[in-house]
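Student: I have a structure open and would like to learn how to read it. Can we go through some of its features together?

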Amino acid sequence: MAIPTLRQLEYLVTVVDTGSFTRAAEQLHVTQPALSHQMRALESAVGGPLLERLPRSVRLTPMGRAVLPHARAALAEAERLHTVARRTAGLEEGELEVAVIYSISLGILPPVLRAWHRLHPGVRIRLREYPHADKLQAAMAAGRADLAIGPAPTAWEGPIRELGTEEFVIVLSADDPTAGDATAGDATADRPAGAVALSRLADRAWVHYAPDNGLADLLDQVCAQAGFTPHAAIRAEQTSAAPLLAAAGLGPALVPANIVPAHFDGVLLRPDPPVRRALTAYTRTRPDPLTVAFADLLAHQARVNPPGLPAPRSRV
């Protein structure tokens, strides 16, 4: 059985409201034979006659009286759909799904979301968080979000926007001897005060990350480059816990500088050599206007590194 079209339902409502096929055809800007043909098609689709033609008017059949309220409701719902679509295109309302790795939702995203809500209060944001960049990319490829924010994806066919390069810091407790040496001016021509060589922390037990957290891989990689394997004093599931545990004296932690809270009790040192990670926002092909607008604001508002963080100096 054929399904009635919105156009056919519109024809039925117009004929009833005008009381005439002739006046309905004029209002709809179609020929009367075309209107009659579509009405017969509608009646065939629903399985019976809807209208009875009288000498100077039309009359609904019992089936027509049953169908008419649903026809009006379908047309009203279609109009609401078009209105929502227009408002979404105009950034007035809608819902945007944003996928991020854990650290992004802690450090970079909150100020961006605050600015977005101020500009577009009618657009809801649904946040999806992932522990690893690979899981983030897989979720994005599977269509679980409109836009992803994290490290640069691999072999990605859609648009990619660079947001900047975030710096990592070493977090130590305020009474840690290494923290005292570094902040007291234990510097060389190659290493400024406030920096620490990772190799100096080779024999320490670290605040590490759970294996499925992408920062676990990063810490293992940079420590391997420094010539050692980090031993874990504790493994944190949530990225936000790492700087707090390090400040409490459980061991050094390597964290993105942008996730460290204000008025932090621990000591922040720059690793030498520097540890950096490029961050991007990426979408699938042909993003809609809402997604494009959010990506534009993100590129403009995102603060990849906190204000006042000295740029690490690479050794020559």
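Student: Where is the place of N213?

Tutor: First, a word on the model: this is a predicted one, where local features need pLDDT of at least 70 and side-chain atom pairs count only at pLDDT 80 or more, while totals for chains, interfaces and linings use all residues. Residues are numbered from 1 along each chain as its sequence is written, and side-chain values use heavy atoms, leaving out hydrogens and water. Now, N213 sits in the loop between β8 (205-209) and α9 (214-225); helices (H or I, at least four residues) and strands (E, at least two) are DSSP runs, numbered from the N terminus.

Student: Is N213 buried or exposed?

Tutor: Buried means under 20% relative accessible area, exposed over 50%, and partly exposed in between (1.4 Å probe, protein chains only). N213 has 2%, so it's buried.

Student: Which residues does N213 touch?

Tutor: Contact means heavy atoms within 4.5 Å. Not counting residues up to four places away in sequence, N213 touches Y102, P131, H132, E237 and T239. Also, N213 and Q238 are 25 residues apart in sequence and 8.2 Å apart in space, C-alpha to C-alpha.

Student: How do I read two packed helices?

Tutor: Two packed helices are described by the angle between their axes and the distance between the axes. Axes are lines fitted to C-alpha atoms, for helices over the stretch in contact, and angles run from 0 to 180 degrees between N-to-C directions. Here, the axes of α6 (residues 109-119) and α11 (residues 289-301) come within 10 Å and cross at roughly 130 degrees.

Student: What do we call that arrangement of α6 and α11?

Tutor: Under 35 degrees is roughly parallel, over 145 roughly antiparallel, 65 to 115 roughly perpendicular, and the rest oblique. So α6 and α11 are oblique to each other. The residues that meet include L109 and W116 in α6, and F294 and L298 in α11.

Student: Which residues touch the most other members of the largest nonpolar core?

Tutor: A nonpolar core is a set of buried Ala, Val, Leu, Ile, Met, Phe, Trp, Tyr and Cys residues joined through side-chain atoms within 4.5 Å. Of the 33 residues in the largest one, I104, L109, L147, I149, F294 and L298 touch the most other members. α11 gives the most to this core, with six residues. I149 touches L109, F294 and L298, among others.
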